[in-house]
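Biologist: Hi! Could you walk me through this structure while I have it open?
Modeller: Happy to, let me put it up.

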Amino acid sequence: MQIAGETTQARSGKVISYRVEYERDGTTGRWTGQVLLRHGKWFDLKGGNLIDVGHGSIAPAVIQAFHGELESLDFEQLNSQMG
């Protein structure tokens, strides 16, 4: 499953483009994602595992996990490091 779009980071108010992928194996799966930085560079998120997620609740669980990591990012610092 792939999800992509734009969202607003609550801590900064910045609109962030993202793409997230989820690979499922039974009721367990792994999500990975990227966010778009300045100059068109994609930054890889740590991602993680989701356990005991039912078929109908995969997308909300992935988005919730993604937002948890998104809120911890300092985009000013990432953009300056990635040039």
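Modeller: One term before we start: a residue is called exposed when its relative accessible area is over 50%, buried when that area is under 20%, and partly exposed in between. Also keep in mind that this is a predicted model.

Biologist: Thanks! What pattern does the protein chain follow along the sequence?
Modeller: Along the sequence the pattern reads β-β-β-β-β-α-α. That gives five strands and two helices.

Biologist: And what does the C-alpha trace span along its principal axes?
Modeller: The trace spans about 40 × 20 × 20 Å.

Biologist: How much of the chain is buried?
Modeller: Of the 83 residues in the protein chain, 33% are buried.

Biologist: Let's zoom in on helix 2. Which of its residues are buried?
Modeller: Helix 2 covers residues 75–82, and its buried residues are Phe75, Leu78 and Asn79. Looking down the helix axis, these buried residues fall within an arc of 95°, so they line one face of helix 2.

Biologist: Which residues are exposed on the other side of helix 2?
Modeller: Ser80 and Gln81 are exposed there.

Biologist: What covers the buried residues of helix 2?
Modeller: The cover includes helix 1 (58–70) along with strand 2 (15–25), strand 3 (28–36) and strand 4 (42–44).

Biologist: Which residue caps the N-terminal end of helix 2?
Modeller: Aspartate 74 does that. One of its side-chain oxygens lies 3.1 Å from the backbone nitrogen of glutamate 76.

Biologist: Changing topic to charges: how many salt bridges does the structure hold?
Modeller: There are two salt bridges in the structure. In one of them, lysine 14 pairs with glutamate 76, with 2.6 Å between the closest N and O atoms.

Biologist: What else does glutamate 76 form a salt bridge with?
Modeller: Glutamate 76 also forms one with arginine 38, and there the closest N and O atoms are 3.0 Å apart. Arginine 38 sits in the loop between strand 3 and strand 4, 38 residues away from glutamate 76 in helix 2. Through shared partners, the salt bridges join Lys14, Arg38 and Glu76 into one network.

Biologist: How exposed is arginine 38?
Modeller: Arginine 38 has a relative accessible area of 43%, so this residue counts as partly exposed.

Biologist: Now the rings. What sits over the ring of tryptophan 42?
Modeller: The charged end of arginine 19 does, 3.7 Å from the ring centre. As for aromatic pairs, a search of the whole structure finds one.

Biologist: Last one: where is glutamine 9, and is this residue buried or exposed?
Modeller: Glutamine 9 is in the loop between strand 1 and strand 2. With a relative accessible area of 1%, glutamine 9 is buried.

Biologist: Which side chain does glutamine 9 join in a polar contact?
Modeller: That would be serine 12, with a polar contact of 2.6 Å between the two side chains. Leaving aside residues up to four places away in sequence, glutamine 9 touches Lys14, Ile16, Leu70, Glu71, Leu73 and Phe75.

Note on methods:
Residues numbered from 1 in each chain as written. Predicted model: local features only at pLDDT ≥ 70, side-chain atom pairs only at ≥ 80, totals over all residues. Heavy atoms only, no water. Buried < 20%, exposed > 50% of the residue type's maximum accessible area, 1.4 Å probe, protein only. Helix = DSSP H or I, 4+ residues; strand = E, 2+ residues; numbered from the N terminus. Arc of directions from axis to C-beta. Contact = heavy atoms within 4.5 Å. Polar contact = N/O pair within 3.5 Å; in protein donor to acceptor, adjacent residues only side chain to side chain. Salt bridge = Lys/Arg side-chain N within 4 Å of Asp/Glu carboxyl O. Phe/Tyr/Trp six-rings, centres within 6.5 Å; stacked < 30°, edge-to-face > 60°. Lys NZ or Arg CZ within 6 Å of the ring centre and 35° of its normal.
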